[in-house]
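Here is a friendly walk through a single protein model, written for someone who likes to know where the side chains sit. Please keep the sequence and the 3D view at hand while you read.

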Amino acid sequence: MFYCMIRLQLFERERPLSATTVVPHSREAPVVTSSEEAPAQEKAWKQYLEKRQRIIQEYQRLFIILTFIVLPTASTAILRTFHCEELADGREYLLVDYNSNCEDEEYASYIFFCVIMCFIYPIGIPMLYFVLLYTNRDR
């Protein structure tokens with residue numbers, strides 16, 4: 001019995017039992033307020049939502065700027081991976097790096113990666129811009 005008491009005390013210290021059992025149920029209980037407090041709570045809630053919306057818009061703006069800066073460089077690097085040139089000896093080498101043979105298995109893994117990245121950068125980001133512009137066309 002003494003061991004159980006010690007174990008319970010350790011449990012209370014690490015994570016209080018009241019926090020595990022009472023707090024989740026207190027969220028479910030209806031909040032009873034007077035008619036004078038309701039407008040103040042509603043106003044605070046509206047202010048919170050407006051502030052949250054401003055923060056979301058700011059992060060969206062920063063994300064669009066970042067993608068706009070990164071898109072040309074990333075797309076160029078991705079698409080250059082597909083451009084191979086055949087030399088006089090019959091072997092194909094990557095145009096931007098003649099040390100990379102286009103017939104190697106290593107190059108095949110780069111192609112697989114670049115195909116996936118094509119759906120993200122040269123195709124995905126312009127599609128994202130289109131969706132954002134289309135959904136906000138009435139503004």
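Residues are numbered from 1 along each chain as its sequence is written, and side-chain values use heavy atoms, with hydrogens and water left out. This is a predicted model, in which local features need pLDDT of at least 70 and side-chain atom pairs count only at pLDDT 80 or more, while totals for chains, interfaces and linings use all residues.

**Cysteines**

Let us begin with the sulfur atoms. The structure holds 1 disulfide, a term that stands for a pair of cysteine sulfur atoms within 2.5 Å. Its partners are Cys84 and Cys102, with 1.9 Å from S to S. The torsion about their S-S bond is about -95°, so this disulfide is left-handed. Cys84 lies in strand S1 (residues 84–86) and Cys102 in the loop between strand S3 (97–101) and H4, so the pair ties together parts that are 18 residues apart in sequence. Helices (H or I, at least four residues) and strands (E, at least two) are DSSP runs, numbered from the N terminus.

How covered are these cysteines? For a residue, buried means under 20% relative accessible area, exposed means over 50%, and partly exposed lies in between (1.4 Å probe, protein chains only). Cys84 counts as partly exposed because its relative accessibility is 23%, whereas Cys102, at 11%, counts as buried.

**Salt bridges**

A salt bridge here is a side-chain nitrogen of Lys or Arg within 4 Å of a carboxyl oxygen of Asp or Glu.

| Lys46 | Glu42 | 3.6 Å |

Helix H3 holds both Lys46 and Glu42, which are 4 residues apart, about one turn of the helix. Lys46 is partly exposed at 47% relative accessibility, and Glu42 is also partly exposed at 47%. Arg61 and Glu58 both lie in helix H3 as well, 3 residues apart, again about one turn. Here Arg61 is partly exposed at 43%, and Glu58 is partly exposed at 36%. As for the remaining pair, Asp89 is partly exposed at 46% relative accessibility and Arg91 is partly exposed at 40%.

**The nonpolar patch**

Which residues make the nonpolar surface patch? Leu79, Phe82, Val115, Phe119, Ile123, Met127, Phe130, Val131 and Tyr134 form a patch of about 880 Å². Patches are made of residues with over 30% relative accessible area and no salt bridge; like charges are joined within 9 Å, and nonpolar side chains (Val, Leu, Ile, Met, Phe, Trp, Tyr) within 5 Å. The accessible areas come from the Shrake-Rupley method with a 1.4 Å probe, and for residues only the protein chains shown count as cover.

Helix H4 (105–120) and helix H5 (124–135) each supply at least two residues of this patch. H5 gives the most, with 4 residues. Val131 is found in helix H5, and at 42% relative accessibility Val131 counts as partly exposed.

**The largest pocket**

About 290 Å³ of space lies in the largest pocket. On a 1 Å grid over the protein atoms alone, a pocket is an open set of points with protein on both sides within 12 Å along at least five of seven lines, and lining residues have an atom within 4 Å of a point. Grid points are joined across faces, edges and corners, and the volume is the space filled by probe spheres set on the points.

The lining is made by Gln57, Gln60, Arg61, Ile64, Tyr129, Leu132, Leu133, Asn136 and Arg139. Helix H3 (37–80) and H5 are the elements that give two or more residues to this lining. H3 provides the largest share, 4 residues.

Finally, look at Val70 in helix H3. Val70 is partly exposed, with a relative accessible area of 32%. Val70 and Tyr121 are 51 residues apart in sequence and 8.9 Å apart in space, C-alpha to C-alpha.

Notes
On a 1 Å grid over the protein atoms alone, a cavity is a set of points where a 1.4 Å probe fits but cannot get out, and a pocket is an open set with protein on both sides within 12 Å along at least five of seven lines; lining residues have an atom within 4 Å of a point.
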